[in-house]
Amino acid sequence: MKQKAYFTFENSENKKEMSWSGSSFSLFKAMCRYFDLIPIYMIKQSFVERLYFFFVRKFFPQKKSLLKKLWEKLILCFCVKNANMVMFCPGHSFPVSNNQILYQDSSVCGHFLFTEMAKRNMWETNIWNHTDSNENLEILLKDEKKNFENARQVFFMGNWITQEAKKYYPDFSYKFHSVGGGINTSILKFISSESREKNKILFVGKEFYRKGGDLVVKAFEHLKKKRSDLELIIVGPSENPLKKTIDGIHFIGRVPFEDVAFYMSKSDVFCMPSRYEAYGLVFIEALIAGIPCVGRNAWEMPYFIEDGITGRLIDSDNIEDLANAIDSVLDDETMSKNIQSKKEYYIQKYNWDSVADSIYNIMTK
């Protein structure tokens, strides 16, 4: 007989499949193999609540909404009465019983690391509402420390953030584990075996600047002088970030996931030199689609991309270096064969059943 456990969703019941970009629901289904899960919905989403959340998030983004605080208090009271039951909290956390199981892609300490890198490289830092000041980060760090203290265990997607968290919270480092994340398996239905033209670069990302889209455009312009047939496909941003029309650049915008898979199947290299990336499963999805990747030698990207084998890693914002990396990948037939030989490995490692297996095995040690 399966053990009963709670599983929290940040969204309402009718939107649970969208919670945390679908990761919560995917993990929920995978963990059901081990537990009899009882869902708890963090947001009831009445019209008044939706209106309230809209204004709070728009004008007071650094503060938790009063409604959410009250809801968390109710859940806390509920958990105290059921303290022996495990509670899974993917993508979010709050002070509950010591049976709380956290699963997240990032941590406040990762944002501190980003702000340090941003200062060195003179990047914009306002990519999150709460990173406008160190004071806000310190408050979040204090809250996170309390959550980690109350947690039974903390599972992170990535290796880099697990190591970073252990540095910031040495007292709780024994609770931290890296278990990976799962791809959207529907991508497999859209992978094409058609031959490619060796001239198409793909960028995917809603947050154009954070994902390094501006660098990709500059590298494209630089490389276009050498390869006149070169094309760049930009998928993700809701609005065209380019201020001018550039020959060879196709702005697609925001599209359903299935369409992203389609563009992957038509492209020759995936390029996303993110300034900050909590995890980045899109790299694995690109590799499964059979295309080499160019990313930054930071965050989780070195764990996904084997430099010179399945793609290239860059160490800075140098446009010529990025252009050369893209150029070398486009002409490397051996790299494409390497990726094809690893396809099944990627599919087996980066799926939600594997994540659930890892979590359960660690929990039951």
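This is a predicted model: local features need pLDDT of at least 70, side-chain atom pairs count only at pLDDT 80 or more; totals for chains, interfaces and linings use all residues.
Reader: Why are S9 and S12 called edge strands?

Author: The open sheet has 6 strands in the order S9-S8-S7-S10-S11-S12, with parallel pairing. Strand S9 (249–253) and S12 each pair on one side only. Neighbouring strands of the sheet are turned by 20° against each other on average, direction ignored.

Reader: Which helices touch this sheet?

Author: Helix H7 (residues 213–224) lies across S7, S8, S9, S10 and S11, at about 165° to S8. H11 packs on the sheet and touches S7, S10, S11 and S12, its direction making about 170° with that of S12.

Reader: Where is Asp-317 placed?

Author: Asp-317 is in the loop between strand S12 (311–314) and helix H11 (319–330).

Reader: Why is Asp-317 called partly exposed?

Author: Buried means under 20% relative accessible area and exposed means over 50%. The value for Asp-317 is 22%, so the residue is partly exposed.

Reader: What makes the link between the side chains of Asp-317 and Arg-296 a polar contact?

Author: The side chains are joined at 2.8 Å, and the cut-off for a pair of N or O atoms is within 3.5 Å. Not counting residues up to four places away in sequence, Asp-317 touches Trp-123, Leu-215, Arg-275 and Arg-296.

How values were computed: Residues are numbered from 1 along each chain as its sequence is written. Side-chain values use heavy atoms; hydrogens and water are left out. Helices (H or I, at least four residues) and strands (E, at least two) are DSSP runs, numbered from the N terminus. Buried means under 20% relative accessible area, exposed over 50%, partly exposed in between (1.4 Å probe, protein chains only). Contact means heavy atoms within 4.5 Å. A polar contact is a pair of N or O atoms within 3.5 Å; within protein, one must be able to donate a hydrogen and the other to accept it, and residues adjacent in sequence count only if both atoms are side-chain atoms. Two strands pair if DSSP finds at least two bridges between them. Axes are lines fitted to C-alpha atoms, for helices over the stretch in contact, and angles run from 0 to 180 degrees between N-to-C directions.
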